[in-house]
Amino acid sequence: MASCLAVSPLPMERNLLLTTSTRTPDAISSLRMCHSFQEVKQLHAQFVVSGLLGYNPLCARRLLEAYATMSQIYYAVSIFERMPSPDVFVYNTMIRGLTMGKFLHDSLLLYKEFLFGYLVPDNYTYTFVLKACSHLKAPFEGSIHDAERVLGEFSEENTLAKNAMISGYLSEGRVDKARRMFDNMTARDAASWSALIAGYTKNGMHTEALALFPDMMVSQILPNEAALVSLLSSCGQLGTLHQGRWVHGYIDKTRVLMSTKLTTALIDMYAKCGSIECGYGLFQKMAWRDVVTWGVMISAFAIYGHASKCFHLFDEMLADGIRPNEVIFVAILSACSHAGCVEEGRQYFIQMEHGFGIKPSIEHYGCMVDLLGRAGLLADAEELINSMPEQPNSIIWGSLLSACRTHNDLRRGTWAFEKLMELEPTSGDRYKLAGLMFANAGEKEEAAKMRKMIHEKEMETTCGSSFIEVEGAVHEFTAG
DNA sequence: GTAGGGTTAG
């Protein structure tokens with residue numbers, strides 16, 4: 001419990017220090033305005049000191065809610081265990097928090113404990129339990145089959161529970177099953193639509209996701225924030241600036257609250273659609289940015305090759321009191337790679353592990369191999385690959401092969417190519433690249449062998465292309 | 001008074 005009270009200092013403007021208002025309901029409701037774990041902990045400490053936590057039951061409930069929705073399960077549990085008689089709402093909040101935090105077994109165990117206490121589950125309880133069941137692959141009391149059984153016990157239409165099933169199916173990639181359930185529903189609400197749209201987006205079916213928007217409008221259900229976020233993500237993936245702008249206009253017109261997540265989704269959409277200025281404009285106007293917002297902005301400038309802008313943003317982020325996560329470093333390292341900043345890249349790589357305690361993942365190694373390879377430091381790239389704790393994947397070998405082709409390193413290039421043949425024996429692109437490498441180095445026979453293999457095995461090769469939108473129509477440009 | 005959602009190496 002003592003660790004809950006370790007309050008870190010916050011920037012002045014975010015300081016929620018409570019004075020005389022501590023004994024009013026305002027203090028408790030300010031918990032719902034908290035944007036970060038730090039802020040909740042700070043309020044928690046003040047509630048303990050002022051004694052409010054001890055005598056106002058609403059205070060503990062709201063604190064538990066705040067921790068649970070932030071998936072800070074250990075803190076939520078510590079509050080929960082001190083509650084004399086938790087009711088249905090409190091159990092639901094805990095079950096939801098456990099499910100969202102992927103503590104699926106614990107979620108179902110708590111559900112059992114709940115039933116044991118002679119409490120009657122409501123629609124929300126079933127929703128969260130079904131969600132836990134559907135995410136649980138192991139044969140406990142609930143895989144998705146058990147969730148289906150639970151659902152079958154309902155005699156009447158239960159929109160909430162069916163929405164949970166739709167999400168469950170989609171998280172397993174079972175799009176058709178989800179769609180059938182959605183189509184057979186008699187009472188679809190905004191959450192049913194947003195679950196389906198989000199599922200399409202997550203499964204890479206962006207065109208299908210965007211196609212649902214007009215259907216949703218026709219059915220007189222207004223898109224909620226979650227649906228808009230998913231739609232914007234799909235616009236970004238497809239590069240359809242026109243549709244993205246339309247969604248932005250819709251948000252302005254209908255005065256949907258511009259939350260951090262929604263604004264972040266807009267920034268990402270603009271950046272991916274080639275309009276980074278619009279994205280950066282929104283970013284600068286934001287009152288509160290979380291680590292994902294910073295990640296989106298840094299990744300955007302990284303793709304554009306503006307490494308120094310990325311470095312500045314990184315420092316600004318730290319000054320703002322945001323701790324970088326592994327995604328931030330992927331973005332920073334890829335910025336270094338695109339701009340050829342070898343020394344900066346090396347320093348960030350070291351700082352990541354020793355300054356911030358983030359163990360480099362395969363993505364980070366991938367960025368570093370790419371950075372060193374592009375710069376022609378192929379011996380360093382080889383050394384790094386050999387030092388990796390896990391097996392390099394085809395992205396890493398492909399990156400090395402590409403660098404070897406540029407810098408005429410036949411020995412390492414052949415090494416990478418052999419590994420690639422093991423991992424992706426049917427990728428024509430790899431043979432093509434190896435062929436180009438041999439041709440560059442004057443090894444005509446080897447190059448011819450590659451071309452022959454591509455032809456004999458009837459492998460497909462792709463060529464680079466990009467999409468650009470002109471007056472609402474999307475055009476594809478191909479290289480070569 | 002409880003859903004749902006945003007970032008990541010070639």
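Predicted model: local features only at pLDDT ≥ 70, side-chain atom pairs only at ≥ 80, totals over all residues.
Residues are numbered from 1 along each chain as its sequence is written. Local features need pLDDT of at least 70, and side-chain atom pairs count only at pLDDT 80 or more.

User: What distance separates the end C-alpha atoms of helix α18?
Analyst: Helices are DSSP runs of H or I with at least four residues, numbered from the N terminus. The expected span is 1.5 Å times one less than the number of residues. For the 13 residues of α18 (residues 291-303) this gives 18 Å, so the expectation agrees with the end C-alpha distance of 18 Å.

User: Which helices do the buried residues of α18 pack against?
Analyst: Buried means under 20% relative accessible area (1.4 Å probe, protein chains only). The buried residues of α18 include W294, M297 and F301. Through contacts, meaning heavy atoms within 4.5 Å, the buried residues of α18 pack against α16 (260-272), α17 (276-285), α19 (307-319) and α20 (326-339).

User: Which helix contributes the largest share of the surface near DNA strand B?
Analyst: A residue is near a strand if one of its heavy atoms lies within 4 Å of it. Among the 44 residues around DNA strand B, those that come nearest are F89, R96, A191, N224 and E225. The largest share, 6 residues, comes from helix α22 (residues 362-374).

Terms used:
Chains lettered and ligands numbered in written order. Heavy atoms only, no water. Helix = DSSP H or I, 4+ residues; strand = E, 2+ residues; numbered from the N terminus. Buried < 20%, exposed > 50% of the residue type's maximum accessible area, 1.4 Å probe, protein only.
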